[in-house]
Amino acid sequence: KRLIGKYKYIYNQYKKIRPFAYDGFSHFVLLYSIENGIKLNSGTDYDNLRIKLVRYKHEYEVLFYKTRHALMRKNFENWLKLTSPYKGLISAIKNIQKFFILVIATTKDQLSVSEFLKKYNIKYKFIAGREISIDKEYQMSVIKKRFNIKYRDIWFIDDNIQTLVKLKKKG
C-alpha cells in the first residue's frame with residue numbers, strides 16, 4: 001500500500017490498461033506506454049506498441065520470470081498477494097472440477113500456475129503454459145492431441161474476449 005501511494009498515478013493508469021496484458025512482456029509494454037505518455041485506447045494500439053518494443057522482449061522476460069520465481073521462493077504468501085485471483089474464480093474452478101477434467105491453458109509460466117493452484121487445493125491434469133506457447137490456439141491443439149479429444153470436447157474459459165472469438169471458430 002505504501003508503494004501504491006508513492007506511485008499512485010502510475011498505479012491508476014496501469015489499472016486502466018491492465019486488460020491488454022496477457023503475458024510477462026505485456027507489463028513492460030504497459031509501463032512503457034505510461035512512462036512515455038502513449039495512450040492505449042484499443043487492442044490495436046497495444047499491439048502496435050508491442051511490435052515496436054519486441055526487441056526488448058527476450059531480455060525483459062528473462063528478468064521478469066527470474067524475479068517472479070525469486071519472489072516465490074523468498075516469500076510465497078507475499079508473492080501470492082501480487083497474483084490474487086479474480087473474485088469468485090477459486091469457487092468457480094472448484095465447481096467446474098466436479099464435472100470436468102481441469103486442464104489449464106495460460107500465458108503464465110507453469111511453475112507459477114502450479115504453485116497458485118496448489119495453494120488453493122485445486123487439482124489439474126495438465127498445464128499448457130508459456131513454455132509451450134503464449135498462443136492459446138496452439139495450446140488448445142496441444143491439449144487436443146495430448147488427451148486425444150476434439151475441439152468440441154473442450155470447454156474453454158478465458159478473460160480475454162479476443163481469445164474467445166478466435167477459438168470459437170475451432171468448435
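The model is predicted, so local features are reported at pLDDT of at least 70 and side-chain atom pairs at pLDDT 80 or more, while totals for chains, interfaces and linings use all residues. Residues are numbered from 1 along each chain, and side-chain values use heavy atoms, with hydrogens and water left out.

Helix α5 (residues 57-74) packs against helix α8 (residues 110-119) at about 30°, with the axes 10 Å apart. That makes α5 roughly parallel to α8 (angles under 35 degrees count as such). On the α5 side, Arg68, His69 and Met72 meet Leu111, Ser112 and Glu115 of α8, contact being heavy atoms within 4.5 Å. These contact residues split into two nonpolar, two polar and two charged (Met and Leu count as nonpolar, Glu and Arg as charged).

Turning to the rings, the structure holds eleven aromatic pairs (ring centres within 6.5 Å; planes under 30 degrees apart are stacked, over 60 edge-to-face and the rest tilted). Phe20 and Tyr46 are stacked, at 6.0 Å centre to centre and 10° between the planes. This pair links distant parts of the chain, 26 residues apart: Phe20 sits in the loop between α2 (8-17) and α3 (24-35), and Tyr46 in helix α4 (residues 43-53). Phe20 is partly exposed at 21% relative accessible area, whereas Tyr46 is buried at 1% (buried is under 20%, exposed over 50%, partly exposed in between, with a 1.4 Å probe and protein chains only).

Phe64 and Tyr65 pair edge-to-face, with centres 4.9 Å apart and planes at 80°. Phe64 is buried at 18%, and Tyr65 is buried at 9%. Phe64 and Tyr65 also belong to one aromatic cluster with Phe25, Phe28, Tyr32, Tyr56 and Tyr60.

Methods:
Axes are lines fitted to C-alpha atoms, for helices over the stretch in contact, and angles run from 0 to 180 degrees between N-to-C directions. Helices (H or I, at least four residues) and strands (E, at least two) are DSSP runs, numbered from the N terminus. Angles under 35 degrees count as roughly parallel, over 145 as roughly antiparallel, 65 to 115 as roughly perpendicular and the rest as oblique.
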